Amino acid sequence: MEENHERRGKVPFWPIMIAIFFGNFVSVLSTTTINIAVPLLMNHFHTGLHTMQWMVTGFMLATGVTAPLAGYLGGRFSYKRLYLFALSGFTLFSLLCAVAGNPLMLIIFRMLQGSCSGLIMACTMTIIFQVIPIERRPFAVSLWSLSAMVAPAIGPTFSGWLLQYASWHWLFLINIPVGLVAIILTQLLIPYYRMNVPKSFDVPGLITVVTGSLALLTAFSQGSSWGWGSWRTLLLIAAGIVLLLLFVLRELRTEVPLLNLRVFQNRRFTAMLCIYSLVTVAMYAGTYLTPLFLQTVQGATTLKTGLILLPSSILLALLSPVVGKLYPKFGPVKLISAGIAFIFAGLFMLSRLHVDVSHNFILWAMVVRNLGIGLANVPSSTASMEEIPVEWSGHATSINNWVRNVLSSLAIAVFTSLLSSRSVIHSKALVESGAASSDLITLLSFTMGVNDVFVVAAIIVLFGFPLMLLLRRKGGTTPFQMQTHVRKIANQ
């Protein structure tokens, strides 16, 4: 352990961050480029939104499900080797997605691709907190976030251009050269190290967390079609909750847990994880619904949709390193509070859409929303890890990615179900009011449903304000207390 600390001080900053940047970039790029292609893939495979939604939610679920494995696998094989394995798998499954001949195969390969993506995100964040010196971590996290923001900045426009002049297959093929570059850079630039080696693997913990997450996602994604009061929906929700409770009990009692849930004893980590999850939910609300509205209601091309989203994405990318530099001066509370206010304002603007709304209005609403996300994203992810001892950093980042990605999957599933159900309700109301054209009713009801979902997302993000109260240090767990607690548990 002491050798690792000594080595950490000698490790060059920029080579490691370059390798991390490319790996995280290719992982996020695959998510952002595919969102804009959902309507096109629905037409290509002659399927509905509820089926093609699984290409998005399945990817996010697999990302969240494999994240808990990173803590064990990283300790067992080292985070460098795990990172290389995940990058290789991600590149391979990108190729298989490109050659998929039907929706089922595409969804399966996307989920396998997502499983590698979950490991990539957990590994890159853990490497930062285990290798980078503490005084440079806020800037390192801002660069990590920048890699995740550059992909959304160029993803929609680039994918729109590809879909305009080439086939959807290139959305996956483009990952291959970037993935190969990331593999080479990781092998050359990131040092090999291991903090500790777990004694055993928690199989019951893995089974309960995977089946519980799957049950909840299936229930929320199919709830509108099955009926929220149907026995299948209620049974899956109950099963998911029970399985996740069993997982929590198992992890608190076993000697070598899959995820060390004792990190939740740190109030700062818990509060920041909740806020980070709320910000992520708000981000996916706009990223998922705005392209759907532009293409389905206004008939915008994929290229036009990408150009409308480009300014807000560029702002998000440029803001990340700036906020990383501002963090030591202003701290998390001021930056995150301002961020939540801007996110709410942007989502409220997006809840005022109508069929003929101007593209400039959507552009500026997304700019306001992304300004808030940029202000809140880096501080919440940095502050969550500040009081976590290095011995637990792998488990903390795994928990962070698991909770955030499962909630994101559930959010997309719920937003899709809510959009579908609210559109039906608005359609019936319009028919009863005597609206003339069935095509107009379809467009109006879909737009009103989108507005309803944005209202819900705006309300959700406001819950971040009371969570700020948990950041007060009084009565909280200090870093010294956490380190002492770790040593007590290790000696038991």
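The structure holds one salt bridge. The model is predicted.

**View 1. R422 and D452 form a salt bridge between their side chains.** The N to O distance is 2.8 Å. R422 belongs to helix α15, residues 393-432. D452 belongs to helix α16, residues 438-461. The partners lie 30 residues apart, and the pair links distant parts of the chain. Side chains of opposite charge can pair when their charged atoms come close. R422 has 27% relative accessibility and counts as partly exposed. D452 is partly exposed too, at 21%. Buried would require a value under 20%.

View 2. Take the contacts between residues at least 6 apart in sequence: 84% of them join residues at least 24 apart.

**View 3. Helix α5 packs against helix α9.** Helix α5 covers residues 79-98, and α9 covers residues 175-189. Their axes are 9 Å apart, at an angle of about 165 degrees. Angles over 145 degrees count as roughly antiparallel, so α5 and α9 are roughly antiparallel to each other. The crossing of α5 past α9 is left-handed. On the α5 side, the contact residues are K80, Y83, L84, L87, S88, F90, T91, S94 and L95. On the α9 side, they are N175, I176, G179, L180, A182, I183, T186 and Q187.

**View 4. Helix α12 packs against α16.** Helix α12 runs over residues 267-296. The angle to α16 is about 170 degrees, and the axes are 10 Å apart. That makes the two helices roughly antiparallel. Their crossing is left-handed. From α12, the contact takes in L278, A282, A285, G286, L289, T290, L292, F293 and T296. From α16 come L443, F446, T447, V453, F454, A457, I460 and V461.

**View 5. Helix α13 also meets α16.** Helix α13 spans residues 302-350. The axes of α13 and α16 come within 8 Å and cross at roughly 165 degrees. The two helices are therefore roughly antiparallel to each other. This crossing is left-handed. I340, I343, F344, L347, F348 and L350 of α13 make the contact with N451, F454, A457, A458 and V461 of α16. F454, A457 and V461 of α16 touch α13 and also α12.

**View 6. H46 has a positive phi without being a glycine.** The phi value is near 55 degrees. H46 sits in the loop between α3 (38-44) and α4 (49-77). With 74% relative accessibility, H46 counts as exposed.

**View 7. S78 has a positive phi as well, and it is not a glycine.** Here phi is about 90 degrees. S78 lies in the loop between α4 and α5. Is S78 buried or exposed? S78 is buried, with 0% relative accessibility.

**View 8. S30 is a buried residue in helix α2.** Helix α2 covers residues 13-35. The relative accessible area of S30 is 1%. Neighbours within four places in sequence set aside, S30 is in contact with F59, F90, R110, Q113 and N175. Two of these, F90 of α5 and N175 of α9, also belong to the contact between those helices. G155 is 125 residues from S30 in sequence. In space, the C-alpha to C-alpha distance between S30 and G155 is 8.3 Å.

**View 9. V424 of helix α15 lies 8.4 Å from F446, C-alpha to C-alpha.** The two residues are 22 apart in sequence. V424 has a relative accessible area of 44% and counts as partly exposed. F446 is one of the α16 residues that meet α12.

Key: Residues are numbered from 1 along each chain as its sequence is written. This is a predicted model: local features need pLDDT of at least 70, side-chain atom pairs count only at pLDDT 80 or more; totals for chains, interfaces and linings use all residues. Side-chain values use heavy atoms; hydrogens and water are left out. Contact means heavy atoms within 4.5 Å. A salt bridge is a side-chain nitrogen of Lys or Arg within 4 Å of a carboxyl oxygen of Asp or Glu. Helices (H or I, at least four residues) and strands (E, at least two) are DSSP runs, numbered from the N terminus. Buried means under 20% relative accessible area, exposed over 50%, partly exposed in between (1.4 Å probe, protein chains only). Axes are lines fitted to C-alpha atoms, for helices over the stretch in contact, and angles run from 0 to 180 degrees between N-to-C directions. Angles under 35 degrees count as roughly parallel, over 145 as roughly antiparallel, 65 to 115 as roughly perpendicular and the rest as oblique. A crossing is left-handed if the near helix is turned anticlockwise from the far one by less than a right angle, and right-handed if clockwise.
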